[in-house]
Structures are given as C-alpha cells and as structure tokens.
Amino acid sequence: MNTLIKNVLVVGAGVMGRQIAMSVALAGYQTTVQDISSDMLGAAQSNLNSWAEGQVAKGKLDRVAADTTFDRLSWTTDLEDAASTADLVVEAATERLDIKTEIFATLGRCAPPHAILTTNSSTLGSSKVAGATNRPDKVCNLHFFNPALVMKCVEVVRHEGTSQGTADTVLEFARRLGKQPVLLAREIPGFIANRLMGALQHEALALAGAGIATKEDIDITARAALGHPMGPFELMDMIGLDVIDFIAQAIHAETRQDVDKPDPTVAALVAQGMLGRKSGAGFYVYGHGPASSTPRKST
Ligand SMILES: NC(=O)c1ccc[n+]([C@@H]2O[C@H](COP(=O)([O-])OP(=O)(O)OC[C@H]3O[C@@H](n4cnc5c(N)ncnc54)[C@H](O)[C@@H]3O)[C@@H](O)[C@H]2O)c1
C-alpha cells in the first residue's frame, strides 16, 4: 500500500493536538483540527499564533511561511465532516478509552476507506480502539513527545493487525514532518521512551529512598557522569508528577508486576498538590511560581 497523504485531520486541540497540527501544517499538509470544545480551538489558535510570532521575531520562521502555514490550517467541531476528506488522522483527544473508542468508531464510519487512523495515546495501545473501526489494519499508535513542535522522536507502534503498508506509510509521514520515527513491532505498555525513563526513575527513587544519596547528587550524577541533559528528579518535576504517576498506574494496570507499581513518594507528592514545575513545587521548589524553570532549593 502506498497511500498518498494530502489531508490530515488532528482530533483534539489540547497541549499535544495543537502542536502536532502545527508540525503537520508546517510540513505542507492541509490540516484540519477538530475538538468538541470551540474554546479549546480558539485557545489553540491564539497559542499557535503567539508561537509563530515568536518564531518570526527570532528569525526562525519566515513571515510568508508562517502565513501560508496558517492558511493550511482549518478548525472545526464537526468530526464527521472533518473525517470525510482525511487521508490520515492523528487522534490526540483526552486520554480516556471511552472517548477514544467513540472517536475511532466515527472515524471508521466517516473517513474514506483508504484513510489511516492513528492515536497519539501514551498509554492506550491502538489495539484497544482498532476494533471500533472497519479497518483495523490501518490503525496504529503515532506517539509524539511534548512539546511536539520541538521533540524529534515519534514512536510508531503496530498492533497485531496493523499492516506493514500502514506502518511504512506512517513512518514516512513522520519523516516528512522532520521527525525521527522509531518502530515498535508490537504493543508494550510504556512503549520505548517511557519504559527507559521509568527504569531510570525507579532506580533513582530507590537510591534516594534507601538513603544512599540525595536527589541532588543523583541528579548531578545523571548529568555529569551519564551526559543526561537533566537528572531524573528534575525531569520528573518538568514532566509533572501527576503525569508520572498516571503513566505508572497505566503500565501497572497492564503488567500487574510489582516492579511496575507506582512509586509511593511520587503519589504522596501528587496528593499534596506538589506536581513539579507547573505547581511551583515537586521534588524541588521553584523560585518564581508555576512558570519557573530553575530549582531554587530542595523540599
Ligand atoms: N501531554 C503530554 O505530555 C502527552 C505526551 C504524549 C502523548 N499524549 C497523549 O496525547 C493525548 C492528548 O493529551 P493532551 O495532553 O493534549 O490532553 P489535553 O487535555 O491537553 O487535550 C485533550 C483535548 O481533547 C479534547 N476532546 C475531548 N473529548 C473529545 C472528543 N470526543 N472529540 C474531540 N476532542 C475531544 C478536549 O476538549 C481537549 O482539547 C492523550 O492521548 C495523551 O496520552 C500526551
């Protein structure tokens, strides 16, 4: 199969959907963004406008290129209509199986038979929604990282029924976005990146919990010995401890293995509203409220 992709539909205009849509439009595709909330569509447009203005001001994006990119973007709350002309869909709606199942059922019904249907879900393998469509062979995960306009890697995950042609087309599409795609031959909770990150975080929490070293020294070791751009505690604070906890819960729900159990230290911080940078404190306290990026002192 060699599907010609011209029109791309992004479902969901939240944190991920809006940046995925901009990446797709920047690569030259006609891009429709659909969300059930017109407020979210409005917020996404103004957020992307500010981003593009910033890029133009820094000389990273040509004014004409910015304008033509916005000309390629259209915005709607009507999923059925938006799906009817899509060659490829990236679903980036709220992380709930019932919501995604309904979206994929609609996509199966309304998208042209050749259209490929992907999900950006971090925790739900596409096998969970493929059955709601009339084309499970054309369904897979296409997992971007946050912020999607910046992060190069995307994970393409085949479920048992995903065809080779679908995987090849999605890999090629990701390359055309300027991304560096990786392929997972079958589903596994956490995919590659979250599993690698989880293993490092697990060990970091165990070392600190056993009193072997402070979190500051563990972070220094990751940076100064391993060349990581930030330490595991700094990274967890940046991602958001609620997100870390949610991912761990989802992986544990699938594997049921003790080693994957959500960490109680992280869960306790989340219960206190200490979510990391976005709440002003997590493993570290941040100097200037939620927007601060510099750890001030440890908690
Ligand atoms: N946030 C991250 O760091 C991150 C990273 C990678 C992948 N993801 C995945 O991306 C997806 C979206 O996450 P997010 O952080 O952008 O969420 P978000 O809450 O910022 O946005 C979700 C959007 O989906 C919309 N929505 C809800 N129900 C809908 C429906 N039925 N039809 C259309 N739109 C609907 C909401 O109005 C909202 O605008 C999730 O599957 C998540 O696992 C998130």
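These legends accompany close-up views of a predicted model.

**View A. The two domains, side by side.** Let's start with the overall layout: the protein is divided into domain 1, residues 7-184, and domain 2, residues 194-298. Taken over C-alpha atoms, the centres of domain 1 and domain 2 are 29 Å apart.

**View B. Where domain 1 meets domain 2.** Here, five residues of domain 1 are in contact with five residues of domain 2. The size of an interface is often given as the accessible area lost when the parts come together. Domain 1 and domain 2 bury about 370 Å² between them, and carbon and sulfur atoms carry 56% of that area.

**View C. A salt bridge between K128 and E254.** Zooming in, you will find the side chains of K128 and E254 joined in a salt bridge, with an N to O distance of 2.6 Å. The count of salt bridges between domain 1 and domain 2 is one, and the count of residue pairs in polar contact, with both residues at pLDDT 80 or more, is also one. By class, the side of domain 1 that touches domain 2 has three polar and two charged residues, and no nonpolar ones.

**View D. N120 in its loop.** Look for N120 in the loop between strand 5 (116-119) and helix 6 (127-130). N120 counts as buried because its relative accessible area is 6%, below the 20% cut-off. A polar atom of the N120 side chain lies 2.7 Å from the backbone nitrogen of F144. Leaving aside neighbours within four places in sequence, N120 is in contact with M16, I20, V90, E91, A92, L142, H143 and F144.

Conventions. Residues numbered from 1 in each chain as written. Predicted model: local features only at pLDDT ≥ 70, side-chain atom pairs only at ≥ 80, totals over all residues. Heavy atoms only, no water. Helix = DSSP H or I, 4+ residues; strand = E, 2+ residues; numbered from the N terminus. Buried < 20%, exposed > 50% of the residue type's maximum accessible area, 1.4 Å probe, protein only. Polar contact = N/O pair within 3.5 Å; in protein donor to acceptor, adjacent residues only side chain to side chain. Contact = heavy atoms within 4.5 Å. Domains from an automatic or database assignment. Buried area = accessible area lost by both parts, 1.4 Å probe. Salt bridge = Lys/Arg side-chain N within 4 Å of Asp/Glu carboxyl O. Nonpolar A, V, L, I, M, F, W, Y, C, P; charged D, E, K, R; others polar.
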